[in-house]
Structure formats: C-alpha cells, structure tokens
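Please keep the sequence and the model in view while reading.

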Amino acid sequence: MEPAMYNGSCCDIISWFEDVSENASCVQMQTLRRILQLNFAVEYLKKWIGEVNFEDMEDSALESLYTSLVPLASHADFEPYVQRIADGEKAPLITQEPITTLSLSSGTTEGRQKYVPFTCHSSKTTLQIFKLAAAYRSRIYPIKEGGRILEFIYSSKQFKTKGGIKVGTATTHYYASEEFKTKQHQTKSYICSPEEVISSGDYKQTTYCHLLLGLYFYDQVEFIASTFAFSIIQSFVSFEEFWKEICNDIRDGTLSSNITIPSVRKAVLDIISVPNPCLAKRVQSKCVELEEMDWFGVIPKLWPNAKYVYSIMTGSMQPYLTKLRHYAGDLPLVSADYGSTESWIGVNVDPCCPPEKVSFAVVPTFSYFEFIPLNRSENEDIGNSAIDDFVEDDPVPLSQVKIGKQYEIVLTTFTGLYRYRLGDVVEVVGFHRNTPKLNFICRRKLILTVNIDKNTENDLQLVVEKGSQILRKSRAELVDFTSHAEVGKNPGHYIIYWEIKGEVEERVLEECCREMDASFVDHGYVVSRRRNSIGPLELCIVEKGTFKKILENFIANGAALSQFKTPRCTTNQVPKNSMKNIK
Ligand code: AMP
C-alpha cells in the first residue's frame, strides 16, 4: 500500500485529509519515493537516472536528485511511449505494471485529444476525491442517506487500439469501474439513471432519460450534479424544448419514440412503466408557470428537496454561471474539485464559498507536485520572443510555494508521467494546514495574439463578461462565444464570435464591441491598438444553434459531453452569410 493512501478503515476521510495536509511536505516526499520504488526500472526513467539507487537515500536528497536528473517534460515527450503502449508493447516503458487502458483528454483546450495513461490508481483516487468532497459538503449541506443525485453524466464511445488497449475518456473509465458503484454505496447517494443511460453513446437520448428519471424520482433527489457546469446548462436548455414529451411519458408510463436504443428503452421502461398521472400533472402545471418566468428557478421548483447544485464552475465554466444561477434560483452553487485526465489535484474544502472565489486544497498523496513560479514580464520588449507573458523561475516543491504567486503545475504521477507540465496556471491563495490552496487561473496557452499582444482564455473571458453585461441590460443573453486572431490582413485584429438568444439592436451590439475592445488590459494589446498596429475588434454574431453544432462535431469525433469545454479560439472559417459583423 502507498504510504499515506487513505485505506478507508482507520478513521474518517476528513481526519485522514487533515492529517496528510498537516504533513503535506513529508507526504509529498513519500509519494515521490513510492512512485520511484514502483517504477524505477522503466525505460523512461532509466534514460534519465540510469542505475542510481534511491532506496537508502534520505527524502530530501532523493527529491533533489530526482529533479536534477529528470527533465521537465511535456505531453509530446511521452507521446512516443504512449504510442508504443497503444500499439500493444508490454515492456515496462513508463510504468512497471503494463498499462491496459488509455484515457482521451477532452482536447478542447489543446485543440486535439491526447492519450493519457489510466490505471487502477486513477479510479482509486477518483473515488477518494469524490468521497472527500462529499464529506466536506455534507458538513455544510447535509443530505438524506439513501437519497438520489440527478447527475448529468455521459460516457464517451470506447474503442480498442490495434494493440488491444481500451480507450475512452477518463470519466467513461470511471463510470464503468467498481469504484463508481462503491462511491454510491459509501456516500449513500444513488444516481437516478441506470448504467445503460449513461453509456448510451447518444447524448440527446441520455439527457432525455436523465431528466425523465430525475423527475420520476423527484422527491428523492438531494442534489443536481455534472462534471462540468456546461452539461447542466445543456440539459435544461433541452428540457425547455421537450418537457411536454417527458410529461406524457410520466403520465402514460411510456417512453418517447425518440429513444431508439433498445437497451436504454428496456432499462428505463423497467423503472417507469407504471403510469403516474398525478406526477405528470404536477410537473405540467409547474412547467407552465416556469415557461412564463423564462425558466427561472426551474431546479428548486421541480426538485423541492434538492439542497444544492454541484459541478465544476471555475475556469472555462465561469461564463455559464449567470445561466446556471438563473436555473438554480435560490439554491447554493457548490463548485466541484480540480483535476485533469492526468491526475486529480485539489479538493474544495469550503463548499459554501461562491464559485468565483473557490480554491482547491492540493491532495498530497495523489501525485508528486511541483510548481513553476510565473512572473508577469515587466519588460515590454520581451514581446515577440517569449511564448507568453510569463517569465519562469525554477520549479519549487509544494512546501515552498508562496501566497499571492502564480505557478504552472508540474506532475509526477503513479500512472507514468514524470515532471509533466500540465499547462494550467494557478494562484496560491492560502493554505489548508500545510497544503496549498489553489485558485485556477487559466490554461497557459495563448489564444489571441497578433504581434506583441498576449491574451489567454481567461483574458478573453473577462473581456466577454464586460461586453455581455451591456447585452444583458437589453434583455438578450449570450449563449456562448469563441474568438480568432485575424492575422491575414494588415493590420491584424481580433474577432469575437457570439451566439445570442433574444433580439438586440445594432447600436447595442456596437456598444458591446467597443466595450470589449477597450477592456483588454494586456499591455501589448493596449499599445498596439493605440499605434494602430492592431485594428479595431470585430464582433460577429453567428446563427442560432452554431455552438450546438460545434458540440456535436466534437462528440462525433469521440469527445464526451461530460468533459466538453467550448474551444475559446478557432481557426475555422465561418460562412459569411451565417453571421453579422459589428465593428
Ligand atoms: P481534461 O482535458 O478533460 O483532462 O481537462 C482537464 C483540464 O480541465 C485541467 O487541466 C483544467 O484546465 C480544467 N479543469 C479541471 N478542473 C477544473 C476546475 N475545477 N476548475 C477549472 N478548470 C478545471
């Protein structure tokens, strides 16, 4: 067993976490030692550390030797190894135990999906963080034992590589694992939908059934959840369309003919086949009222016993908060934990904190974490040569991070990634005992740059939020957005694409456009706009349904709705007749 791993028997999970966070620095060194003990002989590590014997070394000597011998790496450095695993090579390449499963990252932040190793450790840590987060939540928002969760979760398609390795998204592997069932038993909360619904492979049919079953069990539902907030929004937007059909199904004990997958039909009909006109009438009358109120507060109105809405609401999910609050009415929004396909990172220990302020306490047993200090460059001339606006210092261990500083996270995992740059920028905002609490800032990758300007997804989000405040005053709503740096023309300029619900006058859109252009705080952009070496920002209003098509395109290519994040920059040409340009 790993040294500080929670084994579920000695004490409750919160005491365990308090203990490992108290001793975070020491636990981190034990975690590194354990990873190296398990995997010292693998091909990747041998290349860097040769025959060095770590066994008799003191913890701190081991830590400094490891970081001096093994270089920082990116996904590209592991790709050849992962490819050999995918091709069926069984030799110990990055882990001693052969890897039989690979995860596909969402790919919406990097532009393409990456293969990432997945082992039983991945499922175990997922179970642990879910139990830990549930324990912290239930201190503030206790829920009834044996209650249900209306959880909008979706498995992706799974396939095998030519070497026989199973591939799917990390959430898909988890939903198929024993740990997923164990979590339901141990947290004494059960999802409303059977496994056939989660893994139907057709997200529209899954959404319909989640909502139907959620309403069928309405009085048992203790909270509403999804992995990322986007799926909750997506589900309720659909509900506005097909609620009448759901009512018919509840009334008659039938299932819409749009649900065509036989295994899903059988599994759902096994549950709902007794007609329930009383419930149908209740849902119907509430939905008629809700329609009048533009569906404000639909969640508490239809699920009166729900205590909160739980999902990742930070980072690229933040733009959906307005809509989520609209649907959630007076229910608290609880922001879910921080992790990636590569490793879980931190848990939300303050569930009552609003999503805009939430931070994540690093779980020091999950991986060995390092932090690359990032300093904002003061020097204007650093411009073109630097990859972004940050100047890096040498990576530091968890014990040496400082409050108020920003870092890029580096992972050494139990799944065969060594000093792997995750590409996420976080800020240390405090400590939980001795483990840092992180605010997620953004992906490090730049999405908008024409010349010396440098803007990340977060910069774009802040600017779009300013513009959409003006939009909201005119009673229209921003559905979703993306952007493009147009460098083909001289001067280049930014294009922001908006999909809007409701009618807006042209002059309001012009005001939104001017406001966004003036709201970029990046020094390079401000100077370039002043000198006119970047032209005025262009706002393009795209046809209704455009972002749904983007989602469908990603899903058709193997992404799962559970992990979907709208790409915030695009190089795709939008047909001129399907949009309106505002300058
Ligand atoms: P994936 O490609 O699905 O592995 O996505 C992982 C990425 O999603 C992370 O590297 C982060 O950029 C982002 N992410 C995950 N959890 C959170 C969170 N709680 N808040 C903000 N961003 C998150």
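F78 has a relative accessibility of 0% and therefore counts as buried, a term that means under 20% relative accessible area, calculated with a 1.4 Å probe on protein chains only. The model is a predicted one, in which local features need pLDDT of at least 70 and side-chain atom pairs count only at pLDDT 80 or more, while totals for chains, interfaces and linings use all residues. Residues are numbered from 1 along each chain as its sequence is written, and side-chain values rest on heavy atoms, with hydrogens and water left out.

A pair of aromatic rings is described by the distance of the centres and the angle of the planes. Rings of Phe, Tyr and Trp (the six-membered ring of Trp) pair if their centres lie within 6.5 Å; planes under 30 degrees apart count as stacked, over 60 as edge-to-face and the rest as tilted. On this basis, a search of the whole structure finds 32 aromatic pairs. One of them is the tilted pair of Y44 and F78, with 4.6 Å from centre to centre and 35 degrees between the planes. This pair links distant parts of the chain, 34 residues apart: Y44 belongs to helix α3 (residues 43–49) and F78 to helix α5 (residues 75–86). Helices here are DSSP runs of H or I with at least four residues, strands are runs of E with at least two, and both are numbered from the N terminus. Y44 is also buried, at a relative accessible area of 2%.

Which kind of pair do the rings of Y141 and Y308 form? Their centres are 5.4 Å apart and their planes stand at 40 degrees, so the pair is tilted. Here, too, distant parts of the chain are linked: Y141 lies in the loop between α6 (120–140) and β3 (147–152), Y308 lies in strand β8 (residues 308–312), and 167 residues separate them. Y141 is buried with a relative accessible area of 17%, and Y308 is buried with 2%.

Elsewhere, F152, F236, F239, W243, W295, W303 and Y327 form one aromatic cluster.

The helix α6 leads on to helix packing. α6 and helix α8 (residues 178–186) pack at an angle of about 20 degrees, with their axes 9 Å apart. These axes are lines fitted to C-alpha atoms over the stretch in contact, and the angles run from 0 to 180 degrees between N-to-C directions. α6 and α8 are therefore roughly parallel to each other, a description used for angles under 35 degrees. In this packing, S123, K124, L127, F130 and K131 of α6 meet E179, T182, K183 and Q186 of α8, where contact means heavy atoms within 4.5 Å.

Notes: Buried means under 20% relative accessible area, exposed over 50%, partly exposed in between (1.4 Å probe, protein chains only). Angles under 35 degrees count as roughly parallel, over 145 as roughly antiparallel, 65 to 115 as roughly perpendicular and the rest as oblique.
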